Amino acid sequence: MIKKALIAMSGGVDSGVAAFLMKEAGYDCIGVTMKLFANEDAGLPREHSCCSLDDVEDARSVAFSLSMPHYVFNFTDRFRETVIDGFIDAYENGRTPNPCIDCNRYLKFEKLFQRAKELSCDFVVTGHYARIEHDENTGRFLLKKGLDHTKDQSYVLYSMTQEQLAHVQFPLGCLRKTEVRRIAEAHGFINAGKHDSQDICFVQNGKYSDFIESYTGKHYPEGDFIDRDGHVLGRHKGIIRYTIGQRKGLGIAFSEPLYVVNVNLLDNTVTLGTNEELFSTELTAKDINLISTERLDEPMRVKAKVRYRHTEQWATAEQLDADTIRVVFDEPQRAITAGQAVVLYDGDVVVGGGTIC
């Protein structure tokens with residue numbers, strides 16, 4: 001019996017090639033583009049972000065060339081509730097979110113997953129650079145890094161469940177980006193040379209604070225820049241404009257470079273310090289999801305990443321309760337930031353992760 005696959009098609013080259021590979025493998029494929037947040041709604045279409053009308057047309061063009069049906073699903077309400085509102089809440093409370101993780105968690109592998117079941121599809125397929133394998137010894141599905149480690153996206157997928165991993169495919173996991181573009185070019189895909197998405201789709205000019213103020217209609221009051229001892233160093237322009245490790249845009253003249261080392265919602269202060277003050281060896285994470293094991297019954301040696309572009313570092317992870325882990329690094333790490341995700345690796349295998357608190 002022919003298996004049926006629902007292909008998440010963003011309009012980019014990766015999802016287009018993922019669709020092609022599934023068709024080549026003999027699957028009955030349906031292409032779907034999720035309407036999450038239209039750039040044109042805000043009046044500022046962007047070339048390097050997703051969700052524009054051009055992206056929908058690019059996805060439809062590739063689907064047509066592959067003789068696949070293509071549909072647009074409107075998930076704007078769910079996107080607003082789980083991604084945009086969460087993004088704003090984090091910044092309002094001194095945290096720095098990763099909305100791409102929430103989008104994968106609540107949209108691609110929740111809403112789209114549910115829609116795939118309703119359409120009797122066996123698999124949801126995306127263009128992520130990651131791999132899924134089944135461990136015959138444990139019976140668990142494993143999430144692994146993509147073979148192209150320069151494009152690996154396993155970090156933003158750590159929240160996937162066993163049920164999801166059993167019914168998802170990542171056809172690009174064993175390919176390099178250069179190979180993906182060659183496949184697209186060879187088959188004349190309209191998006192073969194398209195730039196990768198770089199910006200958060202709902203932040204039009206790259207300034208998170210401008211988006212938040214425009215979206216909420218709120219004004220975030222100025223407050224004091226202070227040092228560790230509470231001495232006032234100057235005035236900040238609202239706490240949503242600052243994140244741990246930030247140096248640019250402070251407007252402070254000092255004898256040495258200063259960085260944001262803390263954001264305090266209660267007294268509306270932003271603490272500045274030296275680069276050395278940004279380093280720490282320990283973190284606690286909540287809302288954890290474990291993949292390779294059901295629970296960490298004892299401390300485990302892992303490599304851990306504290307943000308997407310962070311180079312993973314040796315650490316020891318210990319599970320404190322059903323929803324909390326503590327990670328202690330062998331060497332101090334720079335700018336560990338509340339709201340970001342920590343993801344644990346055992347070689348190429350994702351052990352799990354959680355939100356730094």
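**View A. Arg301 at the salt bridge with Asp330.** At 41% relative accessibility, Arg301 is classed as partly exposed, a label for values between buried (under 20% relative accessible area) and exposed (over 50%), using a 1.4 Å probe and protein chains only. The closest N and O atoms of Arg301 and Asp330 are 2.8 Å apart; a salt bridge here is a side-chain nitrogen of Lys or Arg within 4 Å of a carboxyl oxygen of Asp or Glu. Arg301 belongs to strand 13 (residues 300-305) and Asp330 to strand 15 (residues 324-334), so this pair links distant parts of the chain, 29 residues apart. Strands (E, at least two residues) and helices (H or I, at least four) are DSSP runs numbered from the N terminus. Please keep in mind that this is a predicted model, where local features need pLDDT of at least 70, side-chain atom pairs count only at pLDDT 80 or more, and totals for chains, interfaces and linings use all residues. Residues are numbered from 1 along each chain as its sequence is written, and side-chain values use heavy atoms, leaving out hydrogens and water.

**View B. Further salt bridges, from a total of 24.** Asp287 and Arg105 form one of them, with the closest N and O atoms 2.8 Å apart. Because Asp287 lies in strand 12 (residues 279-290) and Arg105 in helix 4, the pair ties together parts that are 182 residues apart in sequence. Within helix 2 (residues 53-65), Glu57 and Arg60 are 3 residues apart, so about one helical turn separates them; their closest N and O atoms are 2.7 Å apart. Elsewhere, Arg131, Glu133, Lys144 and Asp348 are joined in a salt-bridge network.

**View C. Helix 3 and its bend at Asp85.** Helix 3 (residues 76-92) bends by about 30° at this residue, the bend being the angle between axes fitted to the seven residues ending there and the seven starting there. Among its buried residues are Phe79, Phe87 and Tyr91. Helix 4 (99-118) and helix 7 (208-216) are included in what covers the buried residues of helix 3. After the helix comes Gly94, with a positive phi near 75°.

**View D. Phe87 in the largest nonpolar core.** This core has 47 residues, of which Phe79, Phe87, Leu112 and Phe202 touch the most other members; such a core is a set of buried Ala, Val, Leu, Ile, Met, Phe, Trp, Tyr and Cys residues joined through side-chain atoms within 4.5 Å. Helix 4 gives the largest share, 7 residues. Leaving aside neighbours within four places in sequence, the contacts of Phe87 include Pro97, Ile200, Phe202 and Phe211, a contact meaning heavy atoms within 4.5 Å.

View E. Rings of Phe, Tyr and Trp (its six-membered ring) pair if their centres lie within 6.5 Å, and planes under 30 degrees apart count as stacked, over 60 as edge-to-face and the rest as tilted. Tyr27 and Phe123 are edge-to-face, 6.0 Å centre to centre with 80° between the planes, and both are buried. Tyr91 and Tyr208 have ring centres 5.7 Å apart and planes at 50°, so they count as tilted. Ring pairs also link Phe79, Phe87, Tyr91, Phe202, Tyr208, Phe211 and Tyr215 into a cluster.
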